[in-house]
Amino acid sequence: FPPEVESTAWRVVAQTVAAAHQLDAAGVSARVRLTGEHLEVDLEIEDASLGPDLTSLEDRVGAIGGSLTTRRPDDRITRVHVELPCA
């Protein structure tokens, strides 16, 4: 992968895990996969009192042409989805 994609993916995972720890989450799971010309990173934070503030990550991801979305389908789960262009 291009160095900026690799470092951004790493930072997304590391900062999301750190934020989940600060929120006393029960756990974090991550899945990374290549789909077409995008590297996708999906994280799920379990049992956090609030969703994490990922504004700085949104800026970093956007700077290389990617996208970051979060959703909270219920009070127990926060999902983070990142797509990073590889081409």
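Thr8, a residue of helix α1, is in contact (heavy atoms within 4.5 Å) with Arg60, Val61, Ile64 and Leu84, its neighbours within four places in sequence being left aside. With a relative accessibility of 2%, Thr8 counts as buried, the class defined by under 20% relative accessible area, against over 50% for exposed and partly exposed in between (1.4 Å probe, protein chains only). The model is predicted, local features needing pLDDT of at least 70 and side-chain atom pairs pLDDT 80 or more, whereas totals for chains, interfaces and linings use all residues. Residues are numbered from 1 along each chain, and side-chain values use heavy atoms, without hydrogens and water.

The axes of α1 and α2, lines fitted to C-alpha atoms over the stretch in contact, with angles from 0 to 180 degrees between N-to-C directions, come within 10 Å and cross at roughly 170°. The two helices are therefore roughly antiparallel, a label for angles over 145 degrees. On the α1 side, Ser7, Thr8, Arg11, Val12, Gln15 and Thr16 meet Ser56, Leu57, Arg60 and Val61 of α2. These residues divide into three nonpolar, five polar and two charged.

How values were computed
Helix = DSSP H or I, 4+ residues; strand = E, 2+ residues; numbered from the N terminus. Parallel < 35°, antiparallel > 145°, perpendicular 65-115°, else oblique. Nonpolar A, V, L, I, M, F, W, Y, C, P; charged D, E, K, R; others polar.
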